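Please examine the structure shown here.

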Amino acid sequence: MFEVRNIAFTYRKKQVLRDVSFVVSPGEVVCVIGANGAGKTTLLKVLATLAAPDSGVVMVDGQNALAKPLRYRRQLGYLPERVALYEEMTVKEYLNYRAALKGEPVKRIRRRVDEACEMCKVSEFLRSPIGSLSAGLKKRVALADALLLRPRVLLLDDFLAGLDSDMRETAGAVLSNAAAFSSVIATGHELDDLAKWATRFFILRDGVISASVSAVGVDRSSLRGRIATALKGSVS
Amino acid sequence: MSPVRVTWRRTIGRARSLFSTAFAAGGFLAATAALFAFKLDAAEGASLSVASVWAASVSPFLPALAAFLAMDVWSDELQSGRIELLLTTPVREREFTLGKFLGVFSMVVVSTFLSFASTVVALRVYAPSALAGVGVLGFCPAFLALMLQSVLWCAVSVAMSSIFRHAAAAACASLLLLIGIPRGGWAALLAWAPQGRTAFGEMILDAHVIDMSSGLFSSGTVLSYLVLSSFFLFVASKNVAMCRYCGRGGRSLRLSTAFALILAGIFSGLVVELVNRLDSKLDLPVGNLETEFSARTRGILSSAQGEMTVTCFLPRKDARFRQIGRFLRRLQRESASLGGLKIDLRFVDPLWDLGPAERLVRLGAAEGSLVFEKGRRNVVLPLADGYGERICASSIQSLTMPPQRRNVYWTVGHGEAASEEYGTFGMSDIARDLAREGYRNMSIDLAGDAQIPSDCALIVVAGAKEDFSRAESGRIDSYLRAGGRMLVLLAAADSGGVAQLLPGWGLRPSLATTTGAKTLSGTDLIVGEFSEHAISKPLQGSRIVLERPVGFMPSAAAETGTGADRIEFTPLAKAGTAVVAAAVERGVGAGADLSIRPMRIVAIGDAGFVMNGQLAARANANRDFFLNCVAYLSGTDASVASGAETNVLTTGLDRAARIRFATVVVGAVPFVVFLLLLAVAARRRRRS
């Protein structure tokens with residue numbers, strides 16, 4: 001169980017997040033959506049320990065994750081909004097490096113890399129230098145990196161941005177697979193695509209979760225309507 | 001695999017894929033080799049080991065190399081945004097920092113090792129005499145010294161890279177901190193107080209390298225480098241951690257980190273101060289160019305009895321202080337092992353030990369001198385005159401043995417160099433050395449009715465330009481026939497002086513035509529080929545320099561006659577086929593039985609051989625060669641000096657060999673390394 005309680009974050013006198021709280025169960029895919037500047041990326045950075053919140057806690061299985069950040073980070077997969085990889089490395093070298101960095105024993109690294117590549121469909125590019133890959137493939141490599149050690153918490157920041165429809169399908173499939181072992185929190189603007197895999201939507205407006213919309217058992221058009229309404233201001 | 005190791009491998013792997021690494025390594029090797037070739041030339045004959053010269057050549061470029069290799073280790077991660085991916089891994093910032101630091105340090109180690117290896121190989125091929133007594137093991141302290149400094153340079157460079165997002169800015173900051181401030185500050189200090197150079201000693205970073213490369217390790221220095229390195233790695237680590245502390249929530253963390261950095265800075269400063277106050281020194285024997293004491297010195301030390309105080313009156317910051325201290329301790333040990341003189345060593349710093357300094361000044365000692373005291377007698381030896389084995393042994397001898405003055409007569413009136421002349425073309429320096437050796441320098445003008453006195457140990461004709469008159473030649477001839485001794489420094493083969501007299505005694509001056517002989521200026525000769533004669537044998541391995549050389553051949557009178565009339569011609573020093581110094585002796589076979597004193601002449605083919613200018617300008621064995629000649633001629637053969645001054649660097653490189661050496665170490669090796677690294681980087685680039 002992944003739980004966020006009363007997270008607040010202020011940056012240069014501007015309160016970016018206010019009293020953000022939610023719970024994500026294992027197997028859930030939660031999408032945080034909102035207008036630009038609503039605080040989506042900041043929220044994920046706080047959850048990824050890249051920014052210290054003013055207040056609030058992050059709980060993983062009832063333990064305060066921020067109090068023991070190293071342990072928490074071992075259970076974390078993070079895909080930043082801006083994917084920056086080592087261009088001169090091959091995909092295999094990069095993923096090996098990242099797996100080793102995350103503390104995976106050497107003898108298990110190969111298996112982990114193969115699994116992640118299989119899941120993200122980048123196996124055929126293992127020997128390709130990252131610099132020679134397209135932006136979409138790079139994003140898939142970064143996704144494979146985030147999924148390498150089958151993290152308990154998967155944070156994906158605007159992960160569909162810049163991907164074509166095929167790539168989005170692939171990424172979505174990866175998301176569905178990942179939900180089998182992770183609590184997934186993703187952000188983005190691609191409502192139609194996100195609606196295919198998300199179990200819940202959080203509407204973030206001015207740093208506050210203004211609405212929570214369940215996507216389970218709701219047809220696509222009605223879900224889109226409810227989210228649009230929520231984005232306009234009505235709280236559900 | 002530990003995160004440190006993973007990061008270390010990654011840092012090295014990244015550097016291998018960059019063209020800039022090839023430029024950095026190639027440039028570093030070329031620059032260090034160029035400076036080494038230059039310094040080696042300047043240090044010829046100086047009291048330095050080749051390892052120290054190498055270390056002093058590498059040391060100024062290490063900060064630049066470290067700054068260049070480390071400039072993007074953090075700044076690139078910060079600028080590209082990859083820092084986010086790194087910081088979400090279960091790795092501490094200090095582990096990342098340590099891994100990156102070790103990566104940069106490893107590359108610096110490899111570059112330095114390449115410089116060391118190419119230097120040693122080139123020296124072994126072109127100047128094996130420079131490596132004599134040092135060996136590969138002798139370079140270890142120098143290498144360790146450089147590595148110790150590299151630790152700090154790499155730590156500072158990594159810290160700068162964590163502060164600046166742009167690699168160039170990080171490199172500039174590192175260079176400013178590591179080169180600009182210390183060396184610029186030092187230059188400013190010297191410009192502000194030019195007369196204080198002696199008091200300041202060497203620039204502190206250079207002094208550390210020279211000290212450690214000659215085997216003197218100071219705990220204060222070593223710990224200071226390590227403490228400061230730790231501090232800068234702490235700065236780098238905390239600076240990276242600060243990336244997490246944005247926003248109001250991180251304010252307290254930012255403040256506490258800043259406070260921790262300030263405390264760490266103060267603590268590091270205090271520790272550095274403390275370790276330097278509680279400094280202890282370890283003097284390793286490796287890396288020294290120590291030669292064995294000569295039989296003469298050992299004889300003096302073993303025959304002398306009682307106690308003697310030897311005081312080194314020199315500021316501790318003086319560049320010569322350590323070397324003199326080491327030499328004196330060696331002398332003390334040697335004397336103790338021979339069971340002879342008991343030497344009590346004292347070191348008096350004129351700036352700090354005011355009481356003892358005042359006493360020494362009353363004795364007539366100036367700052368920068370050695371004072372030998374035995375009972376109420378003392379000898380003051382200015383260090384400007386040298387402090388080698390021969391001079392010190394003579395000083396000890398003069399205090400421990402009854403005086404035995406022998407008179408050396410210098411002829412005058414024919415344009416000879418005068419023993420009282422203090423100018424460049426005078427002989428006052430060598431005359432003073434003779435006085436120290438127990439000789440009395442006298443002048444003799446043979447133009448009048450003066451006869452050569454019976455107390456004459458030898459006459460010296462130092463480069464006479466005008467002919468001796470028939471009467472003068474006759475007097476010298478008579479003196480020689482009676483078993484006289486003469487030392488001739490010849491100005492030119494066809495000049496006047498005693499040149500006309502020599503053929504009758506077995507010596508014929510000729511032009512010194514040599515092929516393939518070593519030369520520095522083109523006209524001079526560097527001579528290292530010595531015969532087994534009592535004069536020249538102890539000088540094996542050293543060099544003498546003749547500015548305008550004259551050769552000698554045996555004349556018709558030589559090798560003729562029998563018994564007491566036979567004249568033996570012995571070459572002393574050769575340059576190629578030309579004999580530039582020779583000795584003739586008559587009556588050598590019969591002398592022992594019939595108590596006939598054999599006649600001896602030694603001729604050296606250069607009038608300026610031991611002129612003040614020559615002795616001051618070049619470090620060579622001319623002085624010892626001359627003193628050996630005097631000892632041989634005056635009959636004190638047992639006192640022939642060894643000529644083994646301690647720690648004298650001799651490369652034996654002539655101009656052509658120097659050019660070949662410089663071409664290999666400055667051009668070929670760096671270029672090959674550059675091409676190799678370029679190929680590696682290109683291969684990786686092509687793949688991507």
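The model is predicted.

**The sheet of chain A**

Chain A contains an open sheet of 4 strands, in the order β2-β1-β4-β5, and the pairing is antiparallel. Its edge strands, β2 (14-24) and β5 (63-64) of chain A, each pair on one side only. Strand β1 (residues 2-11) of chain A is joined by 5 bridges to strand β4 (residues 55-60) of chain A, and these two strands run antiparallel. Within β4(A), M59(A) is the residue that stands opposite E3(A). Helix α1 (residues 40-47) of chain A packs on this sheet and touches β1, β2 and β4 of chain A. The direction of this helix makes about 65° with that of β2(A).

**A helix pair in chain B**

In chain B, the axes of helix α3 (residues 50-58) and helix α8 (residues 140-163) come within 9 Å and cross at roughly 20°. Because angles under 35 degrees count as roughly parallel, α3(B) is described as roughly parallel to α8(B). The crossing of α3(B) and α8(B) is right-handed. To this contact α3(B) contributes A51(B), S52(B), W54(B), A55(B) and V58(B), while α8(B) contributes A142(B), A145(B) and L146(B).

**The contact between the chains**

Contact between the chains involves 26 residues of chain B and 29 residues of chain A. On the chain B side, α1 (3-16), α6 (82-87) and α23 (655-687) of chain B each give two or more residues. The most comes from α6(B), with 4 residues.

Conventions
Residues are numbered from 1 along each chain as its sequence is written. Chains are lettered from A and ligands numbered from 1 in the order in which they are written. This is a predicted model: local features need pLDDT of at least 70, side-chain atom pairs count only at pLDDT 80 or more; totals for chains, interfaces and linings use all residues. Two residues are in contact if their C-beta atoms, placed from the backbone, lie within 7 Å. Axes are lines fitted to C-alpha atoms, for helices over the stretch in contact, and angles run from 0 to 180 degrees between N-to-C directions. Angles under 35 degrees count as roughly parallel, over 145 as roughly antiparallel, 65 to 115 as roughly perpendicular and the rest as oblique. A crossing is left-handed if the near helix is turned anticlockwise from the far one by less than a right angle, and right-handed if clockwise. Two strands pair if DSSP finds at least two bridges between them.
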